[in-house]
Amino acid sequence: MKAVIDNGLVAEHNAKLQVNLQADYDALAGILARRGQDIEKLTAAAQSFAVALPSWGVGTGGTRFARFPGKGEPRNVFEKMEDCGVIHQLTRATPAVSLHFPWDKTDDPKALREIANGYGLGFDAVNSNTFQDQQGQEHTYKYGSLTSNNAATRAQAVAHNIECIELGQALGSKGLTVWVGDGANFPGQHNLRGALERYLDSMRGIYAALPADWLMYIEHKLFEPAFYATTIADWGTSFACATELGPKAKCLVDLGHHAPNTNIEMIVARLAQFGKLGGFHFNDSKYGDDDLDSGSINPFQLFLVFNELADAAQRDGAGFKPSYMLDQSHNVTDPIESLMNSAVEVQRAFVQAALVDRDALKRHQDNNDALQSAQALKHAYRTDVSAILAMARVRSGGAADPVALYRASGYREQAAVNRPAKAGASSSGIV
């Protein structure tokens with residue numbers, strides 16, 4: 001694995017923090033031992049955890065009004081791999097990248113795959129884009145893509161998704177994520193049932209092109225840009241479509257794609273129960289689909305999601321393997337720092353969920369003891385597992401404090417020199 005940041009600097013950084021880290025780790029080990037829990041098993045579990053990076057997330061995002069480019073942001077997919085390599089080198093929790101086409105399309109997928117492998121990276125599900133018109137595109141998606149009233153537009157959108165599958169195969173991916181912004185902004189703008197019928201007809205064409213060992217992830221979104229009616233607006237519609245299409249179609253849960261205060265953990269439980277939980281886009285939100293850093297607003301909700309995932313894993317065994325990915329937009333922070341922090345926060349929720357005493361929780365539930373049932377979850381959630389996460393990183397060759405080491409390395413400053421800003425050269429892919 002190619003080190004983007006000098007491994008000597010990583011070793012020096014870890015050595016300076018080792019004494020305090022070991023003391024914190026030993027203290028936590030004692031606390032957990034009194035609960036009958038083995039810190040070494042939890043650390044091994046943390047080392048095994050992985051969440052994919054969004055290629056577009058290493059660039060700077062934007063708002064409806066403006067985009068403010070960040071210094072040294074990647075200008076092409078190969079520079080994105082370098083940034084993703086830094087994140088994985090320091091966190092050791094992000095070994096795969098999810099690409100978005102045509103933003104990340106390259107004429108040399110073999111070279112891209114080799115470069116990614118050099119950074120210790122593989123490729124997660126690929127993403128299609130039929131929510132933007134591309135240069136030279138014959139038919140517009142302004143009024144819909146897979147649901148368009150125009151048969152030629154639908155065919156164009158289907159062909160693009162099939163091309164994404166072919167590009168993904170060349171890179172070693174095993175999945176396709178499909179999100180469409182199709183919908184209506186006015187009552188009567190389109191026939192609500194007819195739009196879904198056209199969507200399913202289009203998706204059948206894409207589904208038929210899936211390789212035998214691939215999955216299709218159907219992503220739902222409550223609103224934007226269709227504010228009156230989004231065709232795939234909720235988990236129920238996503239579930240119905242995935243069921244209609246077949247066993248290779250699964251539902252993808254983006255934490256930001258719901259109305260405020262939605263019980264997302266219950267949605268997770270329902271989809272897992274019926275075998276249609278495909279994976280996640282992890283982020284956070286306050287008012288709407290904000291794509292904030294994971295765990296920055298509601299870390300307890302993130303923990304409750306992983307509590308349901310831990311329950312499903314216990315019930316369903318090794319066959320339960322949802323896909324995990326970050327999906328965020330960074331406007332006022334360094335994207336690399338935000339993605340590192342988010343990877344750690346998702347990993348934290350995973351470890352905290354493993355701390356739940358499931359036997360005790362079941363007893364409280366069986367006895368209808370609502371208070372103690374809730375406290376069983378809070379007991380695990382309140383446990384600071386930072387020492388476990390840091391030790392897992394160090395043992396895997398990462399950094400005890402990824403952000404501190406990243407800043408000390410001067411990587412961003414050097415990137416600004418190597419990647420001078422140029423109008424239209426950003427490969428952010430957000431705005």
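Visitor: Where is N368 found?
Guide: In this predicted model, N368 sits in the loop between α11 (358–366) and α12 (370–381).

Visitor: And what is phi of N368 near?
Guide: Phi of N368 is near 55 degrees, which is a positive value in a residue other than glycine. Most residues other than glycine have a negative phi.

Visitor: Is N368 buried or exposed?
Guide: N368 is exposed, and its relative accessible area is 69%.

Visitor: Which loop holds R92?
Guide: R92 lies in the loop between α3 (77–91) and β2. R92 is not a glycine, yet it has a positive phi of about 55 degrees.

Visitor: What is the relative accessible area of R92?
Guide: The value for R92 is 21%.

Visitor: Changing topic to peptide bonds: what kind of bond joins F101 and P102?
Guide: A cis peptide bond joins F101 and P102, with omega at about 10 degrees. Most peptide bonds are trans. P102 belongs to the loop between β2 (96–98) and α4 (109–118).

Visitor: And what about E224 and P225?
Guide: E224 and P225 are also joined by a cis peptide bond, where omega is about 10 degrees. The loop between β7 (215–219) and β8 (229–230) contains P225.

Visitor: Which domain does UniProt list for residues 99–291?
Guide: The UniProt entry, which is unreviewed, lists "domain: Xylose isomerase-like TIM barrel" for residues 99–291.

Visitor: How much helix and strand is there over residues 99–291?
Guide: Over that range the chain is 36% helix and 15% strand. The end C-alpha atoms of the range are 17 Å apart.

Visitor: Now helix packing. At what angle do α2 and α13 pack?
Guide: Helix α2 (residues 39–48) and helix α13 (residues 386–395) pack at an angle of about 60 degrees. Their axes are 9 Å apart.

Visitor: Which residues make the contact?
Guide: From α2, the contact is made by I39, E40, L42, T43, A46 and Q47. From α13, the contributors are I388, L389, M391, A392 and R395.

Visitor: How many of them are nonpolar, polar and charged?
Guide: The contact of α2 with α13 has 7 nonpolar residues, 2 polar residues and 2 charged residues.

Visitor: Is the crossing left-handed or right-handed?
Guide: The crossing in which α2 passes α13 is right-handed.

How values were computed
Residues numbered from 1 in each chain as written. Predicted model: local features only at pLDDT ≥ 70, side-chain atom pairs only at ≥ 80, totals over all residues. Heavy atoms only, no water. UniProt positions renumbered as here; feature names shortened; annotations may be inferred. Helix = DSSP H or I, 4+ residues; strand = E, 2+ residues; numbered from the N terminus. Axes fitted to C-alpha atoms, helices over the stretch in contact; angles between N-to-C directions. Left-handed = near helix turned anticlockwise from the far one by under 90°. Contact = heavy atoms within 4.5 Å. Nonpolar A, V, L, I, M, F, W, Y, C, P; charged D, E, K, R; others polar. Buried < 20%, exposed > 50% of the residue type's maximum accessible area, 1.4 Å probe, protein only.
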